[in-house]
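Dear colleague,

Please find below the sequence and structure that I am handing over to you. My notes on what was found follow directly after them.

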Amino acid sequence: MHKLSIQVRFICLFLLALFAHFSAQAQQKGVVYGVVQDSLGAPVPYALISDTSRKFLVETDQQGRYRLELPANQAWLISVRVLNYKEAKFQVTLKPGQRLQRDILMRQNQLEDFTIIERGNQDLSVIEISTEGYQQLPVPGDAITALIRAEGIGVAAGNELSSGYSVRGGNFDENLTYVNGMEIYRPFLARAGQQEGLSFINPDMVESIEFSAGGFEARFGDKMSSVLNVRYRKPSQFRANASLSFLGGTAHIEDAIFKNRLKYNIAYRYKSNNYLLSGLDTRGDYQPVFQDVQAYVAYDPHEDWEFSFLGSFSDNNFIQIPQDRETQFGHVQEAKQLRVFFDGQELTRFQVASGAGAVTWSPGDWEHKVYANVYRTVETEEFDVQGQYFLGEVESDLADPNFGEVVNTTGFGTFLNHARNRMDGVVAAFGYQGQWERPQLLFNPRTDIQFQWGAEYKREQINDRLKEWGLLDSSGYLLPYEGPADLGTMELEEVRNSTAALNSQRVQAFFQSRFQWKSAEGHRWYLNAGGRAHYWDLNQQLLLSPRVQMGVQPFWNRRFSFRIASGIYYQAPFYRELRDFQGNLNTNVKAQQAIHVVAGMDYDFKWWNRPFRLTAEAYYKQLNDLNPYKIDNVRIRYEANNNARGYAAGFDVKLNGQFIPGLESYVTLGILQTMEDIDGDTQTLPDGSVTEIGFIPRPTDQRLNLGLFFQDNLPNLEQCRVHLSLLFGTQLPFGPPGTQRAADTLRSPMYRRVDIGFSYVFISPNKKEEALWRKGKVGKHIKSFWASLEFFNLLDINNTISYLWIRDVSGRRYAVPNYLTPRLINLKLVLELN
């Protein structure tokens with residue numbers, strides 16, 4: 001007993017001495033901290049900050065923040081390095097226990113200074129999307145979608161009126177979107193792109209955009225295709241801008257006040273698609289009015305504490321009173337024309353309010369975040385539209401005097417569409433996220449390590465009412481027509497009449513570890529491994545999702561980096577996936593599963609003495625427990641049954657760089673095949689035997705996608721720039737409504753679109769001749785002013801987004817294409833203040 005007591009005392013004395021040693025060491029150190037920013041005030045992530053010997057080294061986070069501990073009472077020369085920026089240096093001498101703030105301004109390299117340095121602790125599966133110059137993109141729709149389409153890989157977007165996009169064979173619902181950690185949802189009742197209104201993300205407020213087309217980390221949630229992670233900017237100085245065009249206007253202001261403790265970022269948008277819709281085949285009175293306001297506020301009472309709040313409210317109204325429509329379709333041997341005269345109107349309204357608050361505590365190497373958010377959407381859709389149509393044959397003989405005119409009426413009839421739909425949804429979440437990172441481990445200075453973890457409780461309340469039907473009368477017969485015995489009866493088409501009240505709860509958690517080390521041979525290795533757990537009480541399903549990413553930057557050429565990622569990704573069903581084609585609710589639908597395998601590489605090089613990057617990825621996705629669906633414009637209707645399996649495989653490549661000095665351009669190419677095999681799908685052969693159909697193309701099976709975004713200066717006129725956007729996509733499968741997926745054997749025409757914009761800079765920060773103007777009281781606050789003349793759909797190509805199906809009394813169906821917008825001209829004015 002006496003010996004045990006001596007041992008206990010010895011251990012206590014040893015621990016006390018050890019504690020005193022580290023305490024003394026801590027007192028003999030100081031801390032320098034701050035934010036690394038570029039010349040525009042944007043944060044610079046992944047910057048390496050170290051002393052000249054690189055004994056003490058840290059890396060900036062996504063917000064450009066850093067914290068470096070240094071021994072006190074010594075003079076240190078600190079170096080700051082990051083790709084494509086000039087190295088910055090400063091000297092510092094700290095007192096014991098001193099905390100010194102030192103913000104750092106980084107300047108971009110000139111072309112001759114371009115070098116490749118070691119990459120920081122990066123997200124292997126994520127692409128950083130640059131928002132620089134987004135206002136100059138010549139696009140009639142959502143700027144963020146256009147940026148993802150131009151700079152991302154594996155992305156297909158074939159509807160300029162919608163913010164939806166497809167990634168590597170997935171549909172719109174398979175994409176995960178975050179803004180400041182809050183999950184964002186698309187409108188649920190929208191059936192056409194022109195009804196969607198404004199997307200949630202306001203590009204004026206954006207600080208950074210991360211995009212992954214597959215194989216993403218465990219910190220991101222449960223979707224099968226992609227993740228878009230957006231962070232709004234915490235400003236460090238005053239900035240404001242406003243824009244005005246034929247499509248609406250925007251206003252934005254941000255600043256940091258009270259000694260940079262309180263930071264606010266506020267923006268307003270107004271949009272009207274009336275000008276765009278005026279060129280559609282369906283003529284009438286369009287009254288689309290979309291507007292929203294968002295505010296992001298952050299308060300830092302202390303270096304280690306932050307309180308933040310993001311609030312948003314949007315009101316999207318779409319009113320259509322159609323009058324008539326005239327559409328020609330078919331081919332030279334069988335040219336057709338549809339003429340429709342309408343009565344009635346359509347009213348759609350989406351109102352969305354959301355709020356997200358967070359408290360973050362960052363003591364030393366630790367970060368703890370507690371957050372809560374609420375998302376509320378109220379959507380209504382009401383229409384009674386009657387159309388009287390006439391279908392005729394068009395004379396296609398160039399020598400005939402009636403060329404281009406209807407020479408024979410082959411069918412006429414009336415259709416009536418009715419709907420009274422409403423959905424009220426509330427999603428509330430409460431969660432915690434933690435992080436610990438150490439730039440250099442004591443036992444191995446070559447190794448950096450980071451752990452991230454989190455848990456979330458989410459409650460969903462959906463109250464829904466669907467009541468819609470259609471009626472078709474062709475040549476005096478109500479269809480479907482069964483003969484004389486059917487007279488006096490009326491059968492409606494596509495009847496959906498149901499109500500639902502869903503109250504459910506989800507619990508999610510994740511953990512991931514990230515390692516970065518340098519081998520003895522000089523290779524730079526990166527490893528991220530983790531997993532997620534997800535439980536939903538409605539279908540009582542527990543999901544476990546392991547994920548791993550690994551990469552290397554070889555010592556023999558720092559311009560190369562290679563990576564591989566794999567994992568099991570689930571898509572737990574939400575409101576839309578639970579409703580079948582008839583509107584019935586199936587709460588037993590399970591999560592769909594996708595097993596990702598992604599291999600990729602980056603190659604940084606100089607071409608014409610200018611920086612370029614080549615990115616390439618090959619992927620395969622094994623798809624299990626699929627919930628088959630059909631797409632009509634932007635509306636997705638599911639079978640609400642896990643009765644299919646499938647796969648998606650392909651290859652994506654992107655080349656970006658300065659084809660023109662100082663201007664970034666992008667070229668992307670994607671090759672894809674995605675197929676599915678639906679259980680119970682059969683076909684009858686000519687001999688009368690019945691056999692399984694097997695694999696058929698999925699609705700998003702677009703085999704090839706090509707994108708080009710190119711910028712140039714006009715010769716001898718540097719103030720004038722040209723911005724060219726070109727998109728090409730091959731045919732998508734489709735078929736008649738109300739049939740099995742196996743009947744979707746038709747292919748829509750190829751998607752081809754060219755947009756071009758010419759911008760002229762009247763005032764810019766770099767023009768010396770504006771010095772006199774800037775001496776004025778108002779002029780000194782103007783940072784830039786420019787105008788852009790944009791030509792949408794320059795080649796005036798009729799791109800098809802969906803089809804109107806009509807039938808005659810014989811039962812023959814005609815697929816009449818619904819075309820997207822024609823060639824239009826837009827004028828945009830943009831003013832920036834500082």
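I begin with Asn-557, which sits in the loop between strand E28 (541-553) and strand E29 (560-571). Helices (H or I, at least four residues) and strands (E, at least two) are DSSP runs, numbered from the N terminus. This is a predicted model, in which local features need pLDDT of at least 70 and side-chain atom pairs count only at pLDDT 80 or more, while totals for chains, interfaces and linings use all residues. Residues are numbered from 1 along each chain as its sequence is written, and side-chain values use heavy atoms, with hydrogens and water left out.

Asn-557 has a relative accessible area of 22% and is therefore partly exposed (buried means under 20% relative accessible area, exposed over 50%, partly exposed in between, with a 1.4 Å probe and protein chains only). From Asn-557 to Tyr-603 the C-alpha to C-alpha distance is 9.6 Å, although the two are 46 residues apart in sequence.

The salt bridges come next. The structure holds 46 of them, a salt bridge being a side-chain nitrogen of Lys or Arg within 4 Å of a carboxyl oxygen of Asp or Glu. One of them joins the side chains of Arg-576 and Asp-173 (3.0 Å, N to O). Arg-576 lies in the loop between E29 and strand E30 (592-607), and Asp-173 in the loop between strand E11 (166-167) and strand E12 (175-179), so this pair ties together parts that are 403 residues apart in sequence. Arg-576 counts as buried at 11% relative accessibility, and Asp-173 is buried at 8%.

Lys-630 and Asp-744 also meet through their side chains in a salt bridge (3.3 Å, N to O). Here Lys-630 belongs to strand E32 (residues 629-632), whereas Asp-744 is in the loop between strand E41 (733-734) and strand E42 (746-747), 114 residues apart. Both count as buried: Lys-630 at 14% relative accessibility and Asp-744 at 11%.

E9 and strand E14 (residues 206-212) run antiparallel and are joined by 3 bridges. Within E14, Phe-211 is the bridge partner of Ile-127.

Yours sincerely

Methods: Pairing = 2+ DSSP bridges.
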